[in-house]
Amino acid sequence: MDDPAAENPVLDLLEGTSCAFCDGGTLVRGTYHGNAAVICDDCHTPGAQLW
């Protein structure tokens, strides 16, 4: 099985951008329900996930 934290161009572009769901968060690389994702470091909402 591939590493869910492996590099991906879509996640690379979104990492470090502002969260669209809250006022103070930034998207950081992580996993969401086992999928590679960028997740808000404040509200924990995924900005994008890949499966």
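Predicted model: local features only at pLDDT ≥ 70, side-chain atom pairs only at ≥ 80, totals over all residues.
Visitor: How many helices and strands does the protein have, and what pattern do they follow along the sequence?
Guide: Helices (H or I, at least four residues) and strands (E, at least two) are DSSP runs, numbered from the N terminus. Here there are one helix and three strands, and reading along the sequence gives the pattern α-β-β-β.

Visitor: In what sense do strand 1 and strand 2 pair, and over how many bridges?
Guide: Two strands pair if DSSP finds at least two bridges between them. Strand 1 and strand 2 pair in the antiparallel sense over six bridges, and their hairpin leaves two residues between the strands, with His33 taking a positive phi near 50°.

Visitor: And how does strand 2 meet strand 3?
Guide: Strand 2, which covers residues 35–40, and strand 3, which covers residues 46–50, are also paired in the antiparallel sense, over four bridges. To follow this pairing in the structure, find Val38, whose bridge partner in strand 3 is Ala48, and then Ala37, which stands opposite Gln49 of strand 3. These two strands form a hairpin with five residues between them, and in its turn His44 has a positive phi of about 65°.

Visitor: Is strand 2 mostly covered or mostly open?
Guide: We call a residue buried when its relative accessible area is under 20%, exposed when it is over 50%, and partly exposed in between (1.4 Å probe, protein chains only). Strand 2 is mostly covered, since six of its six residues are buried. Asn35, Ala37 and Ile39 lie on one side of the strand and Ala36, Val38 and Cys40 on the other, and both faces are covered. Across the protein, which has 51 residues, 27% count as buried.

Visitor: Which residues make up the largest nonpolar core?
Guide: In soluble globular proteins, nonpolar side chains tend to be buried together. A nonpolar core is a set of buried Ala, Val, Leu, Ile, Met, Phe, Trp, Tyr and Cys residues joined through side-chain atoms within 4.5 Å. The largest one here has eight residues in all, namely Leu11, Cys19, Cys22, Leu27, Ala36, Val38, Cys40 and Ala48. Strand 2 gives the largest share of this core, three residues.

Visitor: What does Ala48 touch, apart from residues up to four places away in sequence?
Guide: A contact means heavy atoms within 4.5 Å. Ala48, found in strand 3, touches Leu11, Leu14, Ala36, Ala37 and Val38 when those sequence neighbours are left out. Its relative accessibility of 18% is why Ala48 counts as buried.

Visitor: How many disulfides does the structure hold?
Guide: A disulfide is a pair of cysteine sulfur atoms within 2.5 Å, and a search of the whole structure finds zero. For Cys19, which is in no disulfide, the nearest cysteine sulfur belongs to Cys40 and is 3.7 Å away. Cys40 is likewise in no disulfide, with the sulfur of Cys22 nearest at 3.6 Å. Cys40 counts as buried because its relative accessibility is 1%. Setting aside neighbours within four places in sequence, its contacts are Cys19, Cys22, Gly25, Thr26, Leu27 and Thr45.

Visitor: Which residues are linked in a network of salt bridges?
Guide: A salt bridge is a side-chain nitrogen of Lys or Arg within 4 Å of a carboxyl oxygen of Asp or Glu. A search of the whole structure finds two, and a network of them links Asp12, Glu15 and Arg29. Between Arg29 and Asp12, the closest N and O atoms are 2.4 Å apart. This pair joins distant parts of the chain, with Arg29 in strand 1 (residues 27–32) and Asp12 in helix 1 (residues 9–14), 17 residues apart. Arg29 also meets the side chain of Glu15 in a salt bridge of 3.8 Å, N to O. Here, too, distant parts of the chain are linked, with Glu15 in the loop between helix 1 and strand 1, 14 residues from Arg29.

Visitor: Are Asp12 and Glu15 buried, partly exposed or exposed?
Guide: Asp12 counts as partly exposed because its relative accessibility is 36%, and Glu15 counts as partly exposed at 39%.

Terms used:
Residues numbered from 1 in each chain as written. Heavy atoms only, no water.
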